[in-house]
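Biologist: I would like a close look at one part of this model, with the charged side chains in view. Please take it slowly and keep to what the coordinates give.

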Amino acid sequence: MRAFALVVLMMFGAGCVTQAERAAQVQRDVEDMVRVYGPGCETLGFKPDSDPWRDCVLRMSTKDSLERRDFTTTNCVGSRGFFHCSTF
């Protein structure tokens, strides 16, 4: 029983991400956003590495990620075996 508990504990420990790994992932994400959206914000007239430019990069990234999501919903109304479903 102890061996099983030890194996389970090791599995949980192996799945944990350290603070440094999380920070490195966030840094990579920021670098990707700057690489993808930075030139577009410069084209729009924002000076690189300024606060408005950073705001532009964040807004464009957020807009793009929201457009990629699927926000469809389906509603069904009916009674006694007759249903009408609408998808928005």
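Biologist: Does Lys63 count as buried or exposed, and at what relative accessibility?

Modeller: Residues are numbered from 1 along each chain as its sequence is written. This is a predicted model, in which local features need pLDDT of at least 70, side-chain atom pairs count only at pLDDT 80 or more, and totals for chains, interfaces and linings use all residues, while side-chain values use heavy atoms, with hydrogens and water left out.

Lys63 counts as exposed, at 51% relative accessibility (buried is under 20% relative accessible area, exposed over 50%, partly exposed in between, with a 1.4 Å probe and protein chains only). Its side chain meets that of Glu67 in a salt bridge, 2.7 Å from N to O (a side-chain nitrogen of Lys or Arg within 4 Å of a carboxyl oxygen of Asp or Glu). Glu67 is exposed as well, at 53%. Both residues lie in helix α3, four residues apart, about one turn of the helix (helices are DSSP runs of H or I, at least four residues, and strands runs of E, at least two, numbered from the N terminus).

Helix α3 covers residues 51-68 and also holds Asp55 and Arg59, four residues apart. Those two form a salt bridge with the closest N and O atoms 2.8 Å apart. Asp55 is partly exposed at 36%, whereas Arg59 is exposed at 58%.

For helix α2 (residues 19-43), the pair to look at is Arg35 and Asp32, three residues apart. Their salt bridge has its closest N and O atoms 3.3 Å apart. Arg35 counts as exposed at 57%, and Asp32 as partly exposed at 37%. The salt-bridge count comes to five.
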